[in-house]
Amino acid sequence: MRPLQDEETRIFFEKLAKYIGRNIKFLLEREDEPHVFRVVKNRVYYVPERIMKLACNFSKKQLIGIGVCFGKFTKSGKFRLQVTCLDYIAKYAVYKIWVKPSAELSFLYGNHILKAGIGRLTENTPQYQGVVVYSMSDIPLGFGTTAKSTADCRRLEPGDIACFHQADLGEYLREEESLI
């Protein structure tokens, strides 16, 4: 377990800012208990400082994971967010998409969101912006990237892709071996 290096920190916060913008400060400056980001086996974990200090007593081989996994660094050095951080991203998300009940299952199976499946969309969402996908009853289902801006989405055909799939709650079932 180690702190993020400078280059890793830059890459990680750029990816996180794509979804929650300047609200990153709320993750770092918590009132209840200070939290930190730590790397264990190329995965970034969000951990309370108290737990992190206790985890230092374990060897590298004994420690599988600690805290909430936000994602992992690929072998090429890029960062990929995982669905395990959805609760934190949904809490501080700047841009959101609500999908119709008919499109929820399709999204949870790992498909992109079509224009016909969008119930609501945050105003002034730019193209290729990170968004959190909600059901119409405000339950976070996952996150993705917009294919078009809000203005362009209004002019799309019903079968055109409006949001690219990144991660969803269905991954807990589809990829349970690789999430740990």
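Analyst: A residue is called buried under 20% relative accessible area, exposed over 50%, and partly exposed in between (1.4 Å probe, protein chains only). By that scale L169, at 32% relative accessibility, counts as partly exposed. The model is a predicted one, in which local features need pLDDT of at least 70 and side-chain atom pairs count only at pLDDT 80 or more, while totals for chains, interfaces and linings use all residues. Residues are numbered from 1 along each chain as its sequence is written, and side-chain values use heavy atoms, with hydrogens and water left out.

Turning to the rings, the whole structure holds 14 aromatic pairs, where rings of Phe, Tyr and Trp (its six-membered ring) pair if their centres lie within 6.5 Å, and planes under 30 degrees apart count as stacked, over 60 as edge-to-face and the rest as tilted. One of them joins F12 and F79 edge-to-face, with 5.0 Å from centre to centre and 80° between the planes. This pair links distant parts of the chain, since F12 belongs to helix 1 (residues 6-20) and F79 to strand 5 (residues 79-81), 67 residues apart; helices (H or I, at least four residues) and strands (E, at least two) are DSSP runs, numbered from the N terminus. Both F12 and F79 are buried.

The ring centres of Y19 and F143 are 5.2 Å apart with planes at 70°, so this pair is also edge-to-face. Because Y19 lies in helix 1 and F143 in strand 10 (residues 140-146), the pair ties together parts 124 residues apart in sequence. Y19 and F143 are both buried.
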